[in-house]
Amino acid sequence: MGADKAKLTVDGVPIGHRIVQALLQKCPRVTVLGGDPIPPALHIPDAEPYAGPIAALAAFAPTAEYVFVTSCDLPRLTHEVIEALAAEIGNHQAAIPELHDRAQPLCALYREDAFDQLRTQHREGEKRIMRWVDDLDAIFVPVDDQPWGRQVTNVNTPEEWDQASKDQPPI
């Protein structure tokens with residue numbers, strides 16, 4: 001992208017702040033892993049800078065039965081995603097959206113015990129998030145036809161940002 005995605009703005013508000021505000025509507029605690037702090041969320045700095053999401057998530061110790069994980073590059077994210085995944089998780093360790101037949105593990109709901117497996121894999125040197133997901137008892141939720149489905153679209157290029165940052169839902 002060439003820029004810190006969390007600091008890109010939509011309607012003058014940095015996307016990281018938009019995401020924290022959306023999560024606070026449904027989550028009693030929000031923690032930002034890595035990057036800069038985003039008040040009022042808790043912040044855990046990267047223990048291994050530039051090591052990727054597995055390292056950041058492995059350093060996180062859940063304090064609740066359910067943990068919603070999201071990256072900072074989802075400009076359309078609202079609390080609807082959390083509600084929809086909570087309705088699907090059942091007894092599974094994770095409820096993971098599938099957009100265009102691709103799992104979106106960085107916009108998913110996990111049970112606390114899923115992080116034990118992640119920490120073990122990280123200690124063993126695993127760096128691929130999909131390896132973690134493959135070993136979980138996860139339900140994959142197709143979202144292409146869901147009214148909230150486009151909210152799980154992440155952005156990696158300036159062109160994707162231009163497209164995704166249009167027609168934003170309110171915070």
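Reader: Which residues do ring pairs link into a cluster?

Author: Happy to start there: Phe60, Tyr110, Phe115 and Trp132 are joined by ring pairs into a cluster. Before going on, note that this is a predicted model, in which local features need pLDDT of at least 70, side-chain atom pairs count only at pLDDT 80 or more, and totals for chains, interfaces and linings use all residues. Residues are numbered from 1 along each chain as its sequence is written, and side-chain values use heavy atoms, with hydrogens and water left out.

Reader: How is a pair of aromatic rings described?

Author: The distance of the centres and the angle of the planes describe a pair of aromatic rings. Rings of Phe, Tyr and Trp (its six-membered ring) pair if their centres lie within 6.5 Å; planes under 30 degrees apart count as stacked, over 60 as edge-to-face and the rest as tilted. The structure holds 4 aromatic pairs. In one of them, Phe60 and Phe115 have ring centres 5.8 Å apart and planes at 65°, so the pair is edge-to-face. This pair links distant parts of the chain, 55 residues apart: Phe60 sits in the loop between helix 2 (53-58) and strand 5, and Phe115 in helix 4 (residues 114-123). Tyr110 and Phe115 are also edge-to-face, because their ring centres are 6.1 Å apart and their planes at 70°. Helices (H or I, at least four residues) and strands (E, at least two) are DSSP runs, numbered from the N terminus.

Reader: Is Tyr110 buried or exposed?

Author: Tyr110 is buried, and so is Phe115. Buried means under 20% relative accessible area, exposed over 50%, partly exposed in between (1.4 Å probe, protein chains only). Phe115 has 0% relative accessibility, and Phe60 is buried at 14%.

Reader: How many residues of strand 8 are buried?

Author: In strand 8 (residues 107-111), 5 of the 5 residues are buried, so the strand is largely enclosed by the rest of the structure. Both faces are covered, with Cys107, Leu109 and Arg111 on one side and Ala108 and Tyr110 on the other. For its neighbours, recall that two strands pair if DSSP finds at least two bridges between them. Strand 5 (residues 66-70) runs antiparallel to strand 8 and is joined to it by 5 bridges, with Phe68 opposite Leu109. Strand 6 (residues 94-99) is also antiparallel to strand 8, with 2 bridges, and here Ala94 stands opposite Tyr110.

Reader: Which residues of helix 3 are buried?

Author: Val81, Ile82, Ala84 and Leu85 are the buried residues of helix 3 (residues 80-88). They cover an arc of only 165° around the axis (taken from the directions from the helix axis to the C-beta atoms), which puts them on the same side of helix 3.

Reader: Which side chains meet in salt bridges?

Author: Side chains of opposite charge can pair when their charged atoms come close. The rule asks for a side-chain nitrogen of Lys or Arg within 4 Å of a carboxyl oxygen of Asp or Glu, and the count comes to 8 salt bridges. Among them is Asp36 with Lys7, at 2.7 Å from N to O. Asp36 lies in the loop between strand 3 (31-33) and strand 4 (42-44) and Lys7 in the segment before strand 1 (9-10), so this pair ties together parts 29 residues apart in sequence. Another joins Arg119 and Asp116, at 2.8 Å from N to O; both lie in helix 4, 3 residues apart, about one turn of the helix.
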